[in-house]
Amino acid sequence: LANFHRAHAGLLFSSGYAANSGLFAAIAGLGDTLVMDELIHASAVDGARLSKASRQVFPHNDPGELASKLQSARAASPDGAIFVGIESLYSMNGDFAPLAEMAAVCQQYDASLIVDEAHSNGLTGPHGAGSVVAMGLEDSIFARVHTFGKGLGLHGAVVLGSRTLRDYLINFRSEEHTSEL
């Protein structure tokens, strides 16, 4: 899967919900910021709520407003990590995100872009590899989530990114839950 989607590594999940919620809950902690498109999947929002990061929402597909949110997030927490969550193709209104513009804005503010490819998987890009691959942006994206239940009619999902990200997700334990062990 990683090779097909032109990524360094991938981690399988039982569902798109588990992939999104697990990824967003695990990557951002106290002092970090999650900035998300207002129309992103509820599973990503649920994951963000589980994290200890501050959260901001920007108007749908608006790179200018994203830049404004990133600037304020960077000023509020200069040393914190910033993660941006968007979808490549939004199912409710059928529009594509301006991926190249969003990636450029994230790069300008040293933010890590996460792209949910649930609705473009199997539909866009070479052999259905997704919008990120179609635009040649693989190296500009921190993580991608491809679900199998939409365009492929299967069960499960994969989070694509670096080997470090995969290993981190495999070994992540929430502090709230480790106290119960």
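A polar contact is a pair of N or O atoms within 3.5 Å; within protein, one must be able to donate a hydrogen and the other to accept it, and residues adjacent in sequence count only if both atoms are side-chain atoms. With that in hand, let us start at helix H3: at its start, a side-chain oxygen of Asp-62 comes to within 3.1 Å of the backbone nitrogen of Gly-64. Please keep in mind that this is a predicted model, where local features need pLDDT of at least 70, side-chain atom pairs count only at pLDDT 80 or more, and totals for chains, interfaces and linings use all residues. Residues are numbered from 1 along each chain as its sequence is written, and side-chain values use heavy atoms, with hydrogens and water left out. Helices (H or I, at least four residues) and strands (E, at least two) are DSSP runs, numbered from the N terminus.

Now look along H3 itself. Its buried residues (under 20% relative accessible area, 1.4 Å probe, protein chains only) are Pro-63, Leu-66, Ala-67, Leu-70, Ala-73 and Arg-74. Seen down the axis of H3, these buried residues fall within an arc of 130° (taken from the directions from the helix axis to the C-beta atoms), so they line one face of the helix. On the other side of H3, Ala-75 and Ala-76 are exposed, that is, over 50%.

Our last stop is Leu-137, in the loop between helix H5 (131-134) and strand S6 (143-147). Leu-137 is buried, at a relative accessible area of 11%. Leaving aside neighbours within four places in sequence, Leu-137 is in contact (heavy atoms within 4.5 Å) with Leu-99, Ala-100 and Val-132.
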